[in-house]
Amino acid sequence: MNKLKVSIVGGSGYTGGELIRLLLFHPNIDLRQITSESMVGKYLYKSHPNLRKVTQLKFSSISELEKCDVLFLCMPHGQSQKNIEVYKELADKIIDLSADFRLKNLDTYKKWYGHDHEKPNLLNEFVYGIPELHRERMKTSNYVSSAGCNATVSILSLYPFFKEGLAEKDRTVIEVKVGTSEGGNKFSASSHHPERAGSLRSYMPVQHRHSAEIIQELSFGKLISVNFSATSVDMVRGVLATIHLFTNQKLEDKDIWKLYRKYYSDEPFIRIVKEKEGIYRYPEPKLLIGSNYCDIGFAIDEETNRVVIIGSIDNMMKGAAGQALQAFNIMHGLPETTGLEFPGFHPI
Ligand SMILES: NC(=O)c1ccc[n+]([C@@H]2O[C@H](COP(=O)([O-])OP(=O)(O)OC[C@H]3O[C@@H](n4cnc5c(N)ncnc54)[C@H](OP(=O)(O)O)[C@@H]3O)[C@@H](O)[C@H]2O)c1
């Protein structure tokens, strides 16, 4: 197979940097152009110092983009939908990391984003980008809308329960603790070090937009609701989701092991983590840094039919660049793990 020509729009940010790190070492990819309007003409390492001496590529402007096989879009919300026709002209296949094409229902989109979608007719052309759920559609699709990071870990943790009709449909509580890189590389008053360091900030106790993605992917014809809250903690990368799920029947440990095995035993990037002893009995975000794994653990509160599910990912990897590359591999008939076959670090 000839190498595929790949470019990135919005490559000076955090997800762009992580994608570059991955794509430069992918055996089937020839990384061509990386855009940034604020860094045009500068070496990539000026934004991504970890890439010094790794590549001599420089940033281009969007206006300089040439035709390629695949475009990854890594821009803030709203930018992809504004100019999607331009990007479709430039590349046959597009993987968008923003939230622009994730929600499939127009009213839902307006409710959560507060404005009409600019390209409503394209929403259904984009496959929602969690490979474990939509692998078959991805194989024949030209457009993928990569899933939100908090949504990814929540959906993967809960999917088998909702798919099998085992969950009480309106009682699920999801609390995510997230690292600061989720917010991108633009600084603000809230990211100022004296304000940020050491803080545990309840930044979105209700109304987090990723709720809409979770509802969309777990409803299966019967509209569910989820109670989602997000807290920003003092780490750079990682998400830890603590999920309280109420089941409509009594389940034992062995039932849940069986359930997760049924859905995930063949999944290369999902690991069930539940040990009886040791310090890493449940998923731990720091062990996932830089890797594409999603770790899922659980404990049962037998008194109340509550299952506490603990899910974790690196928001920049399984929550963004890694998952987008996994989708790329599927779209091109490549082994799904290509360019992603490495664990995180320990100790870190
Ligand atoms: N951070 C995460 O953990 C995460 C996870 C999943 C999904 N996402 C989504 O991925 C997208 C990128 O996130 P990020 O964290 O990488 O953000 P970021 O660090 O703020 O980077 C944004 C990039 O977009 C470019 N950009 C900004 N405004 C633009 C415009 N009007 N037109 C074209 N390019 C523009 C920026 O470069 P210039 O300003 O120099 O052009 C930069 O390269 C967002 O939609 C985000 O919601 C992020």
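Two strands count as paired if DSSP finds at least two bridges between them. By that rule, seven strands form an open sheet with parallel pairing, in the order S3-S2-S1-S4-S5-S7-S6. The model is predicted: local features need pLDDT of at least 70, side-chain atom pairs count only at pLDDT 80 or more, and totals for chains, interfaces and linings use all residues. Residues are numbered from 1 along each chain as its sequence is written.

**Overall build**

- The chain holds 10 helices and 14 strands. Both are DSSP runs, numbered from the N terminus: helices are H or I with at least four residues, strands are E with at least two.
- The radius of gyration is 20 Å, which agrees with the value near 20 Å for a compact globule of 348 residues. It is taken over C-alpha atoms, and the globule rule is 2.2 Å times the number of residues to the power 0.38.
- The C-alpha trace spans about 60 × 45 × 45 Å along its principal axes.
- Of the 348 residues, 42% are buried. Buried means 20 or more other C-beta atoms within 10 Å of the residue's own, exposed means 12 or fewer, and partly exposed is in between; C-beta atoms are placed from the backbone.
- Among contacts with a separation of 6 or more, 71% link residues 24 or more positions apart. A contact needs C-beta atoms, placed from the backbone, within 7 Å.

- The edge strands are S3 (59-60) and S6 (127-128), and each pairs on one side only.
- Strand S2 (residues 29-35) pairs with S3 in the parallel sense over two bridges. Ile-34 has Phe-59 in S3 as its bridge partner.
- Strand S1 (residues 4-9) and S4 are parallel too, over four bridges. Here Val-9 is partnered by Leu-73 of S4.
- S4 and S5 run parallel and are joined by five bridges. Phe-72 has its bridge partner, Ile-95, in S5.

- The assignment gives domain 1 (4-146 + 319-331) and domain 2 (150-313). Such bounds come from an automatic or database domain assignment.
- The domain centres, taken over C-alpha atoms, are 25 Å apart.
- Domain 1 puts 16 residues into the contact and domain 2 puts in 17 residues.
- On the domain 1 side, helices H4 (106-113), H5 (131-140) and H10 (321-331) give two or more residues each. H10 gives the most, with three residues.
- That side of domain 1 has seven nonpolar, six polar and three charged residues. Ala, Val, Leu, Ile, Met, Phe, Trp, Tyr, Cys and Pro count as nonpolar, Asp, Glu, Lys and Arg as charged, and the others, Gly among them, as polar.

**The ligand shell**

- The ligand is surrounded by 30 residues, and the closest are Gly-10, Gly-13, Ser-38, Ser-98 and Gly-184.
- The shell has 10 nonpolar, 17 polar and three charged residues.
- Helix H1 (residues 14-23) gives the most to the shell, with three residues.
- Domain 1 and domain 2 each supply at least three residues to the shell.

**Helix H10 and the segment after it**

- H10 is largely enclosed by the rest of the structure, because 10 of its 11 residues are buried.
- Its buried residues include Ala-321, Leu-325, Phe-328, Ile-330 and Met-331.
- The buried residues of H10 pack against H1, S4 (68-73), S5 (91-96), H5, S7 (143-145) and H6 (149-163).
- Just after H10, Gly-333 takes a positive phi of about 65°.
- Pro-347 is found in the segment after H10. A cis peptide bond joins His-346 to Pro-347, with omega about 0°.

**Positive phi outside glycine**

- Gln-207 is a residue other than glycine with a positive phi, near 65°. Gln-207 lies in the loop between S9 (201-204) and H8 (210-218). It is exposed, with 11 other C-beta atoms within 10 Å.
- Asn-305 has a positive phi near 55° and is likewise a residue other than glycine. Asn-305 lies in the loop between S13 (294-301) and S14 (306-313). Asn-305 counts as partly exposed, with 16 C-beta neighbours inside 10 Å.

Terms used
Contact = placed C-beta atoms within 7 Å. Near = placed C-beta within 6 Å.
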